[in-house]
Protein chains: 2
Amino acid sequence: MPGRHSLRFDSADETLARAAWSRLAEPGDVKVASLLAEVGPTEALRALVTRDVDWMQRYLTRLPELDPPRDLRALASLGGRVLVPGDAEWPTGLNQLAAPPPCLWVRGPVELADLARRSVSVVGARASTAYGEHVAGELSSGLAGRGFAVVSGLAYGIDGTAHRAALGSGTSVAVVAGGVDRAYPRGHDALMAELVRSGAVVSEVPPGSAPTRSRFLQRNRLIAAMTSGTVVVEAAVRSGALSTARAAATLGRPVGAVPGPVTSSSSAGCHALVREGRAVLVTDAAEVADLVGRIGADAVDPPRGGAGPFDGLDDVTLRVVDALPVRTGRPLDRLCVASGLEPATVQVALGRLALLGLAERHAHGWRRVPAGRRPPA
Amino acid sequence: MPGRHSLRFDSADETLARAAWSRLAEPGDVKVASLLAEVGPTEALRALVTRDVDWMQRYLTRLPELDPPRDLRALASLGGRVLVPGDAEWPTGLNQLAAPPPCLWVRGPVELADLARRSVSVVGARASTAYGEHVAGELSSGLAGRGFAVVSGLAYGIDGTAHRAALGSGTSVAVVAGGVDRAYPRGHDALMAELVRSGAVVSEVPPGSAPTRSRFLQRNRLIAAMTSGTVVVEAAVRSGALSTARAAATLGRPVGAVPGPVTSSSSAGCHALVREGRAVLVTDAAEVADLVGRIGADAVDPPRGGAGPFDGLDDVTLRVVDALPVRTGRPLDRLCVASGLEPATVQVALGRLALLGLAERHAHGWRRVPAGRRPPA
């Protein structure tokens, strides 16, 4: 390697310098992130090319091929834009990360800064079940319909279902592990095109970059940091989706997990999150909105079944109800024995029940009013 | 009604007097239970027949037909026994109830006092699904195989499945709402016969008593009080099984709930229990055994000096720590009140504390992780 490199671009341009760092350093590199925060991207580049700093040797390997103006042109030809910290559109949630990305490569009309206010990441297993896909679809369309942008990772399974359902009734954003110039997996070409048209596709690596294993993992921290909360729909116990949940929890963002059959290994990771207190159990979009939404603006009522006709009656009256036959009438003295109550008490209860349309005189006694003639509860 | 009744039995005999009260008063009658605790069953009977006490008038209706020796003979002819408080076999957990039963009517060889040490109630919907029955079977045979007696209510659905599976690999006990002389539902005749042969069937009402609505509800408190923990397998949002869970939580017994598909209304009650922090999510017999086996194993917090595990937490999180109890769990809504914070904020703080190994779900809520299991500060 030569002793001193010359850069083929204006390294004093902050955007070009950040674009350079997004190719030189791998996502999640804490040392580089600290250096950028301390001295800025252009000074950090100078330190690299002058080989002033010993630990920076490793970044020299990519220096010869470095050409950020080419990367920016490639993005511009796709109608995309680069965001750097300080831009109005920069998602400030990223600044909470130990290693914020040097810049973001973005395609699509959605303003990323808006995500912080009202967005949910819906993530889960690639190896999803029909159940998981159904729930991901219901949640995502419900959240999108409530004005939440649904953020996910463009993968097969839960991610893809979440994007599609959200696009049907609102906004969706994909954060991907490779470059934004082409879809991974390729089978999601058309879905990515739709996200570019009406949502957004975001990456921290330049166009042309391959989605590697470590980039997938690091990508998950961006999903967590860019959204106001995370929901895991289906995840096996070692699913990558759990790393998104972990990242969200570390950042203090609410995390929800959707339960499923205990017989399904695809739900085991979700159940573990809830058991360990790392996630709140959620069953529908309203509960997710409640979890993620600000100060009760999306508060949810606990689920209730329909009220029964005998709900709200006091214990004594219920005992008389229990003593009342359904078909033929029962005389007062038998009602007293059956209910264990004295005649005066039974009579008061019968009067109350008659007023409510729940008991009636019949033959030589009393019976319940048949269900078909009862008033609505 | 005549001014003064004469009793056709030796009302000075405590067992006969308690058997009499179990026919005179409905299950859960707090007034009678208090009277029995204060003056004893024979003196309480005397007060009734002499009409000394005004509020006791209602119990006179059943007096003419009262014949506890006949009830005891009926039970004896079935090979059963009556238990009263103070008997070696009396389940002392019942004494925690606001209204303990005057006596228990029991058939079957299992010693009820043993239940307190190692038993789980497995309860759930009558309208169960194939999924719920599968899980109830797996849980119950797994628990019975681990030496836990499985207690349930002999109903169709989850109850019946739990009994059958437990009988296959261990012990099972049914607590029923009517008399122990015949099965309700009748379709569980053979199952009840098997429980009488190798387990136990228990009731607080005498032979011949009908299972009424209020007796079903009161029966649930017995199931909760006689066992070391309760698991709800499937329950709609208005299921009676939730009253067993509530009773168990009130008594400080651990409660577990099995999740299921969010698309199944039969699991909605279980999900609500977990969401509200009233139950721990459990997925298999090992997790239930862990939950129930934890009773009394909690370490005492030693006095602290020097750097504590809670040092360095922000003010809001510390307020939640201060609100967390050391032993039994506290539900989310109480934590909000105690800390003066809104639910979303408390949930975020709990998530952070759980990640740090400082808080955990316990019984019906959250508590601090006992000092012995905390990570080093």
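In this predicted model, strand β2 (residues 104–107) of chain B runs antiparallel to β6(B), and three bridges join the two. Within that pairing, B:Val106 stands opposite B:Val202 of β6(B). Strand β5 (residues 172–175) of chain B is also joined to β6(B) by three bridges, but here the strands run parallel. B:Val173 faces B:Ala200 of β6(B) across this pairing.

| Pair | Sense | Bridges | Residues opposite each other |
|---|---|---|---|
| β2(B) and β6(B) | antiparallel | three | B:Val106 and B:Val202 |
| β5(B) and β6(B) | parallel | three | B:Val173 and B:Ala200 |

A right-handed β-α-β unit is made by β5(B), helix α7 (residues 189–198) of chain B and β6(B).

In chain A, nine strands form an open sheet with mixed pairing, in the order β1-β2-β6-β5-β4-β3-β7-β8-β9. Its edges are β1 (81–83) and β9 of chain A, each of which pairs on one side only.

The contact between the chains involves 39 residues from chain A and 45 residues from chain B. On the side of chain A that touches chain B, elements supplying at least two residues each include α5 (130–145), α9 (241–250), α10 (268–275) and the strand β9 (280–281). The most comes from α12(A), with four residues. By class, the residues on this side of chain A are 19 nonpolar, eleven polar and nine charged.

Methods
Residues numbered from 1 in each chain as written. Chains lettered and ligands numbered in written order. Predicted model: local features only at pLDDT ≥ 70, side-chain atom pairs only at ≥ 80, totals over all residues. Contact = placed C-beta atoms within 7 Å. Nonpolar A, V, L, I, M, F, W, Y, C, P; charged D, E, K, R; others polar. Pairing = 2+ DSSP bridges. Right-handed = clockwise from strand over helix to strand, strands pointing away.
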